[in-house]
Amino acid sequence: MRFAIGLLMLAAMLGVSAAGQNDVDSDAASKVLALERLWAQGAHLRDAKALGSIFDEGLVNVDIDGRLMSKAQTLADTLTTGPVEVVVESTRARVHGDVVVVTGVLRIKGVDHGKPYLRRGRFADTWLNKNAHWVCIGSESTPMEQP
């Protein structure tokens, strides 16, 4: 009987702990998804300062066209690229302690050498809570066929 009561108490404690963890996970996911929106807006406005604040110094970025870029290269590319519009069609955040992985689908509209383009792709961004500040440490985008 004591064993059964002990199991019930343990289950109750784990339930409370899991509920508290879900709140923390939800908060982390919300913060990182807001930073994803900031990234899209920063790219559109070509705001290297805003983007620089959300990218880790060790950022590894595999662009949708296959280029492997560092933080400095990503920021330089942002400044030299013509105006772009980034539309995130869907996202999902998965929290793993101090790491959040965001996956989704994006559309990138812009002009390259005077010619308009539309690219669509899937992405996976990895965010790390570093010194109580979320930073993107890795990003990978893969082209998709146009619908």
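The lining of the largest pocket draws at least two residues from each of α1 (2-45), α3 (71-80), β3 (84-96), β4 (99-112), β5 (115-130) and β6 (133-143). Helices (H or I, at least four residues) and strands (E, at least two) are DSSP runs numbered from the N terminus. A pocket is an open set of points on a 1 Å grid over the protein atoms alone, where a 1.4 Å probe fits, with protein on both sides within 12 Å along at least five of seven lines; lining residues have an atom within 4 Å of a point. The model is predicted: local features need pLDDT of at least 70, side-chain atom pairs count only at pLDDT 80 or more, and totals for chains, interfaces and linings use all residues. Residues are numbered from 1 along each chain as its sequence is written, and side-chain values use heavy atoms, without hydrogens and water.

Six strands form an open sheet with mixed pairing, in the order β2-β1-β6-β5-β4-β3. Two strands pair if DSSP finds at least two bridges between them. β2 (68-69) and β3 are the edge strands, each with a single partner, so one side of each has no neighbour in the sheet. α3 packs on the sheet and touches β1 and β2 (contact: heavy atoms within 4.5 Å).

Strand β1 (residues 55-62) and β6 run parallel, joined by four bridges; N61 stands opposite S139 in β6. β3 and β4, in contrast, pair in the antiparallel sense over twelve bridges. H96 has V99 in β4 as its bridge partner. Two residues lie between the strands of this hairpin, where G97 takes a positive phi near 70°.

How values were computed. Axes fitted to C-alpha atoms, helices over the stretch in contact; angles between N-to-C directions.
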